[in-house]
Each structure stands twice: as C-alpha cells, then as structure tokens.
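Here's a set of exercises to work through with the model open in your viewer. Try each task yourself before reading the solution.

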Amino acid sequence: MPHRTIFAAALLLAAAAGAHADTVVVTADRMLDVIAGRVVERPQIIITDGRISAVGAQGSAVPAGARRVALAGMTLLPGLIDMHVHLTSDPRLSGYRGLEFTDSFWTVVGVANARRTLEAGFTTVRNVGSSNFDDVALKQGIEQGYVPGPRIVPATYAIGATGGHCDDTEFPPSITTPKTAIANGPEELRAMVRKLHKYGAEVIKFCGTGGVLSKTDSVGAQQYDLTEMKAIVSEAHMLGLKVAVHAHGTSGIKDAIRAGVDTIEHASLADEEAFTLAKQHGTYFSMDIYDDDYILAAGEKNGVFKESLEKERIVGLKQRETFRAAFRSGVKMIFGTDGGVYPNGDNAKQFVTMVAWGMSPMQAIQAATVTAAEALGRSADVGAIAIGRFGDLIAVAGDPLADASVLQSVVFVMKGGEVVKSAGSLSPSS
C-alpha cells in the first residue's frame, strides 16, 4: 500500500507539471525540412518547455492555453549554426589597434556580438578561439540570462606552436607576451588539452599551419607534425571533445585528417588526396569563403597588416576554388564564417557565396543546420525542426531557396521557445 500511495503521488505531480508546462504553437506559410531537403506547406510546430514536442500541419490539435505565434507569409527554418566564429573580436580593431584596449574590453565586445549574431538567426555557434576564457564567460552569462546570445560551444584558447599562427609574432624579443596556449611536443600538447578542458573548453582548436592574419608566417606552412597532431586529437577524444584544426596548407590538412581531427577550418589549399582522405575519415570542411570580400575591401582601413593583405590576395580565390572542388568531390561541408574577421552578425552573407561557388540554396542551408549539428555531435538538440530538439526557429519573408540573400534579413528568431526577435505583427499572441 505505501508503494501504491507513492506511485499515485508521483502521477499527480507529473500531471501537475504537464498542466503548467510552457507551450507555444508556431505556424507559418511554409517550412524547410532540412533533414528531408524539402518544403512543407502550412506547418504547425508545438514547443513544450523549450523543446519541440510536435511537428504537423495547421489544423491539428493544439494544447489548451498554448501561446501562439502566427508567421503569415513567412518561411520557417531551424535556427542556424555557425561552426567558426570569434565573438570577442572586432575586425575594425585589427593589427596593432587592439593594443589600445584593456584585456576585459573584449568580453564587452563579445556581449554586443552575441546579440547581433542571435538576432541574425544564428542560435548556435562554435567559438573557436578566444583569450582570457572570454567565450566561457559569455556562454555562462547567456545561460544565466544576463545577456542575450546564441548557444555557444567554446574552445577557449586556440592551441599553437611557438612562433606559429596562434602565437604572438608581431613583437620584438624585449616584449614578453602571455603563453597561455602555446605548447610544443606531444606531452606538452596533451597537458594543454587537459588544461583547456578543465577551464571550460567543449571543443579543442589548434593551429596546424600558418594563417592569413598572423604577421610573419607562411600561410600554408605546417606547424605541428603528425605525432603532435595525434597527441592533441587522442587526448581530446579521450575526454569526449571534438577537434577543429586551423589549416590552410596542403600537408598540414592531410596530416590533420590522418590524425583524426573532426573538422578542417579554412582548408584553402586542400588537394584531391585531401578530399579522398576526408571522405575516408568522415572529416568535415569548414570554409570561410565570404571573408575574402571583406578583408580585401576593408582590411587596410581596419589596420590589417600589409603582410596579411598580401597573403589574402594569394589564398582567397584559391580557397573558393577548393571549396567548389571539395563539394563536388563529396566532402562533407559545414557552415563556418570566421566571424570576427568580418563583422559578427553578418554571418548570413556567406550563403550567397556558397551558392555562387557550387551549392544549391538548400545544400548551403543544410551545411548551417543538420550537417553542422551532426559535426557538433548534437543532432539530438539543434539543427532541424524535429521532435525533441530545442525550439530554435527563425523566419524570413521571402523564399531562401529562390534567393539565398533572403537569409540576410531574418525577421523572427526564437530560441528555446522564447521569442528573441520579432517585427511588429509577428509578436506572439495568446
């Protein structure tokens, strides 16, 4: 009898919880089913306590007392995912200009950029490099409700070799700079992975080759050997963390794939052998092909080093050609923009570039939704309008499958069932 009494009480508590569940019903003219790659007419989405509990057609049963959001004339999409951002960076403060500000200034920059990114329709981002553990602080502030922003997967610092792309190479020997994430050799690298994980990293990022915005290195030169890369990857994977590698150069890309990294960032000089290796290993390419336009147009004004501008002139077009070749070859492609190298909040400008270089609009959108979620290992939570996933939805007024530039004008954003951006008549009603 006591057991029956306890069981009955539990049922009553569950029923009471269900009765007070926060429920919102969202309707629109059409919806993109990014899993099936098709358009659904007159959808109805029910979100209960922040997660999608039903996906059906308008006219289906609706829970009593549910809030309603009617998006007449709109196309509904899942919240977008950018797999490569730096929320605590501002491209207008490039080169030596960033030295004018105190260390904590960049956290404040991140607060502003997090809002812009969310309001642009990106409800999840992977922040792959930030000083002072600022991305962890930003994630915590968003999750505790202090500031608005997307769901953040933080890398904390990007790991780099002495004198490499992720080191400070623009100063003379008399100026000492912090070596927070500079490590060399397998044992140092394993220890560094553990340290970053300890302080909040949910993905590990390392610089495997030179880069564009570093002042002194060659953009394609390899900076960790295969043994070092394997140490990083094996340690991170043992801890349950995915690994992203900054890699422009051909040999560095191929060794990183052989080492087992999960995503290649930039991938500018990848060749056919790299494509084959990526397909064999299931490695994703994250290629920031919009950046070239912004860097060459605004870089000099923003203080970008002249050496970096010259490297961008060398690598920019080649990266776009590689993007097209990799996609045609069947490499898995994810949406990553390097936000912070261009203004955060303009992330959606890359969709047009991806379409111009070989993708259909649906394929570009899938790279920023279902495929990105898959690469994150979070398909149960984000990346599609599907039962069980977070109620992260966006809406646009036009047809993004006819014109990808429509995605630059997101008029409605919902994160976890809560409206965070709405225009006039799009406000929710009871």
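## Exercise 1: Two residues and their contacts

Setting aside residues up to four places away in sequence, Lys230 touches Arg258 and Ala259. One thing to keep in mind throughout: this is a predicted model.

**Task.** Find where Lys230 sits, and work out whether Lys230 is buried, partly exposed or exposed.

**Solution.** 
- Step 1: locate the residue. Lys230 belongs to helix H5, which covers residues 226-238.
- Step 2: check the accessibility. The relative accessible area of Lys230 is 44%.
- Step 3: Asp346 is 116 residues from Lys230 along the chain, and their C-alpha atoms are 35 Å apart.

**Task.** Now do likewise for Thr353: which helix holds Thr353, and which residues does Thr353 contact beyond four places in sequence?

**Solution.** 
- Step 1: Thr353 is in helix H10 (residues 349-356).
- Step 2: with neighbours within four places left out, the contacts of Thr353 are Ile289, Tyr290 and Arg320.
- Step 3: the relative accessible area of Thr353 is 8%. Buried means under 20%, so Thr353 is buried.

## Exercise 2: The disulfide

**Task.** Which cysteines form a disulfide, and which parts of the chain do they link?

**Solution.** 
- Step 1: look for sulfur pairs within 2.5 Å. Cys166 and Cys207 qualify, with an S to S distance of 1.8 Å. By this rule the count is one disulfide.
- Step 2: Cys166 lies in the loop between strand S8 (151-154) and helix H4 (186-198), while Cys207 is in strand S9 (residues 203-207).
- Step 3: compare the surroundings. Cys166 is partly exposed at 25% relative accessible area, whereas Cys207 is buried at 1%.

## Exercise 3: Helix H2

**Task.** Does the length of H2 agree or disagree with what its residue count predicts? Then, which residues of H2 are buried?

**Solution.** 
- Step 1: H2 has 15 residues (105-119), and at 1.5 Å a residue it should span 21 Å.
- Step 2: compare. The end C-alpha atoms of H2 are 22 Å apart, which agrees.
- Step 3: list the buried set: Trp106, Val109, Gly110, Asn113, Ala114, Thr117 and Leu118. They cover an arc of only 155° around the axis, so they are on the same side of H2.
- Step 4: see what that side packs against. The buried residues of H2 meet strand S7 (122-127), helix H3 (134-143), strand S15 (410-415) and strand S16 (418-421).
- Step 5: look just past the helix. Gly121 follows H2 and has a positive phi, near 105°.

## Exercise 4: Strand pairings and sheets

**Task.** How do strands S1 and S14 each pair with S5?

**Solution.** 
- Step 1: S1 (residues 23-33) and S5 (residues 67-78) run parallel and are joined by seven bridges. Ala28 stands opposite Leu71 of S5.
- Step 2: S14 (residues 393-396) and S5 pair in the antiparallel sense, over four bridges. Here Pro78 has Leu393 in S14 as its bridge partner.

**Task.** What is the strand order in the open sheet of five strands, and which strands are at its edges?

**Solution.** 
- Step 1: the order is S9-S10-S11-S12-S13, with parallel pairing.
- Step 2: S9 and S13 (332-334) are the edge strands, as each pairs on one side only.
- Step 3: ignoring direction, neighbouring strands of this sheet are turned by 25° against each other on average.
- Step 4: zoom in on one pair. S11 (residues 263-266) and S12 (residues 284-286) share three bridges, and Thr263 is partnered with Tyr284 in S12.

**Task.** In the open sheet of three strands, what is the order, and which helix packs on the sheet?

**Solution.** 
- Step 1: the order is S6-S7-S8, again with parallel pairing.
- Step 2: S6 (80-85) and S8 are the edges, and the twist averages 15° from one strand to the next.
- Step 3: S7 and S8 are joined by four bridges, with Arg126 opposite Val153 in S8.
- Step 4: H3 packs on this sheet, touching S7 and S8, and the direction of H3 makes about 155° with that of S8.

Methods
Residues numbered from 1 in each chain as written. Predicted model: local features only at pLDDT ≥ 70, side-chain atom pairs only at ≥ 80, totals over all residues. Heavy atoms only, no water. Helix = DSSP H or I, 4+ residues; strand = E, 2+ residues; numbered from the N terminus. Buried < 20%, exposed > 50% of the residue type's maximum accessible area, 1.4 Å probe, protein only. Expected span 1.5 Å × (residues − 1). Arc of directions from axis to C-beta. Contact = heavy atoms within 4.5 Å. Pairing = 2+ DSSP bridges. Axes fitted to C-alpha atoms, helices over the stretch in contact; angles between N-to-C directions.
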